Amino acid sequence: METSQSVPELVAAARADATLAEARISDVLTLMGGSEGSDAQQQELRSATVALELAAVDVFSAFEARMQHHFKRGPFSRKLKALLLEAGEVDLAERVHQHYLAINVLKHGTGASYRELRDAPGLFVMKPALDVIADEEQPQPGLVDVTVAGFFAGLTKVILEAYEFLESQ
């Protein structure tokens, strides 16, 4: 039986996957040279973007699952935010909350998290809900633009900071 990975190990693996997806995105955008590109390039761009979204959702979900034991019951992210605020870690609490909302939007689409992020000062690049077209045969990038430079690095930095905070409690 394989030993379970720690949160830092999960983050390192997720960063490696994200780096590959980000490189694919960059390469395709370079090849497209500012044009719409071919159908194959558009498909490759969609595929790499969806892979980056899945990596973001997976690493945040794994973080929540691994760290849930710090709270008796209830929604992990709300409990974490409250604990951080109580400890005076206001900036980290806000960043955890914003990233939680972004991941929630990637998982569930429009709803309360989407509206809160859309109406918040621009930590993330949001896409209007009408721009995202559902197509069961072609996976489509979601409502949060994960291709923006620093999105994944920011997410994993927040996860590691929150992990360190919880482990020091």
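1. A residue is called partly exposed when its relative accessible area falls between the buried limit, under 20%, and the exposed limit, over 50%. In this predicted model, E161 has a relative accessible area of 25% and is therefore partly exposed.

2. E161 forms a salt bridge with R95, and the closest N and O atoms are 2.5 Å apart. E161 belongs to helix α6 and R95 to helix α4, so this pair ties together parts that are 66 residues apart in sequence.

3. R95 also meets D91 in a salt bridge, at 2.9 Å from N to O. Here both residues lie in helix α4, four residues apart, which is about one turn of the helix. Through shared partners, salt bridges join D91, R95, K157 and E161 into one network.

4. The salt bridges number five by the rule used. One of them pairs E44 with R24, with 2.8 Å between the closest N and O atoms. It links distant parts of the chain, since E44 is in helix α2 and R24 is in helix α1, 20 residues apart. E44 is partly exposed at 30% relative accessibility, and R24 is partly exposed with a relative accessible area of 30%.

5. The largest nonpolar core has 46 residues, and those touching the most other members are F63, L80, L117, V144, F152, L155 and I159. Two or more residues come from each of α1 (7-32), α2 (39-67), α3 (76-86), α4 (90-108), α5 (112-119) and α6 (151-167). Helix α2 gives the most, with 10 residues.

6. Which residues does F63 contact, leaving aside neighbours within four places in sequence? They are V7, F76, L80, I159, A162 and Y163.

Terms used
Residues are numbered from 1 along each chain as its sequence is written. This is a predicted model: local features need pLDDT of at least 70, side-chain atom pairs count only at pLDDT 80 or more; totals for chains, interfaces and linings use all residues. Side-chain values use heavy atoms; hydrogens and water are left out. A nonpolar core is a set of buried Ala, Val, Leu, Ile, Met, Phe, Trp, Tyr and Cys residues joined through side-chain atoms within 4.5 Å. Buried means under 20% relative accessible area, exposed over 50%, partly exposed in between (1.4 Å probe, protein chains only). Contact means heavy atoms within 4.5 Å. A salt bridge is a side-chain nitrogen of Lys or Arg within 4 Å of a carboxyl oxygen of Asp or Glu.
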